[in-house]
Amino acid sequence: MIELRRKLIVTLFALVATACGQTVREPIVVSDAWSNATPAGATVAAAYMEITAAEADTLLSATTTVADHIEMHTSSEENGMMRMRPLATAPLEAGQPFKFAPGGAHFMLMGLRQPLPAGLRFPMVLQFEKAGTRTVQVLVVEPGTR
Ligand SMILES: [Cu+2]
C-alpha cells in the first residue's frame, strides 16, 4: 500500500514537472484573445490579448480572414480625449506579458468582411520576428461583459 502510494506520488510529480517544462519551453504564449461583438454595419473592430515570449522578440504584424487588414494601435488620453496612434511593432521582453487591452495597445481590424456576433471565434495570424507565425483564435464577446 505504501509502495503504491509512493509510485503514485512519483508519477504525479513527473506529470507536474513535464507540464511546467512544456510551459517554459513554449516560445510564444498567447492568452485571453477576445473582441467585442460589432454593431450592424460596423467596418472596424478591436481585438485584445496577452502575449508572452520566452525570449525577447518583436510582434511585426497580424492578419485575419474576417478583415482586410489589421493595424496595431496604442491609445492614450490627451486633454480628456482618447487618441489612437499607430504602433508599428510590439516589443516583447523575455517573459514579460505584452498586454493588448482596452485603453492601451490594441489590434484594429480594418475593413471588416463580416459581422462579429458574440460567441464567434475567428483566427488571427501573428507574425513574430524570431518565432515566426502563430495562429490564435479570438473569442467574440457581448460588449460590456468584460
Ligand atoms: Cu485603434
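Along the chain, the donors of the copper ion follow the spacing H-x10-M-x21-H-x1-M. Donors here are N, O and S atoms within 2.8 Å of the metal (3.2 Å for Na, K and Ca); water is not among the atoms, so sites may look incomplete. The model is predicted: local features need pLDDT of at least 70, side-chain atom pairs count only at pLDDT 80 or more, and totals for chains, interfaces and linings use all residues. Residues are numbered from 1 along each chain as its sequence is written, and side-chain values use heavy atoms, with hydrogens and water left out.

Four residues coordinate the copper ion: His 73 through ND1, Met 84 through SD, His 106 through NE2 and Met 108 through SD. The distances run from 2.1 to 2.3 Å. The site is tetrahedral, with angles of 93 to 119 degrees among the four donor atoms; the term requires all angles to lie between 85 and 135 degrees. His 106 and Met 108 are both buried, meaning under 20% relative accessible area (1.4 Å probe, protein chains only).

Next, strand β8. This strand spans residues 106-112 and holds Met 110. Strands are DSSP runs of E, at least two residues; helices are runs of H or I, at least four; both are numbered from the N terminus. Leaving aside residues up to four places away in sequence, Met 110 touches Thr 43, Val 44, Ala 67, Asp 68, His 69 and Glu 71. Contact means heavy atoms within 4.5 Å. Met 110 and Thr 43 lie 67 residues apart along the chain, yet 6.6 Å separates their C-alpha atoms.

Now the whole chain. The protein chain has one helix and ten strands. Of its 146 residues, 30% count as buried.

Conventions: Tetrahedral: all angles 85-135°; square planar, octahedral: opposite > 155°, others 65-115°. Buried < 20%, exposed > 50% of the residue type's maximum accessible area, 1.4 Å probe, protein only.
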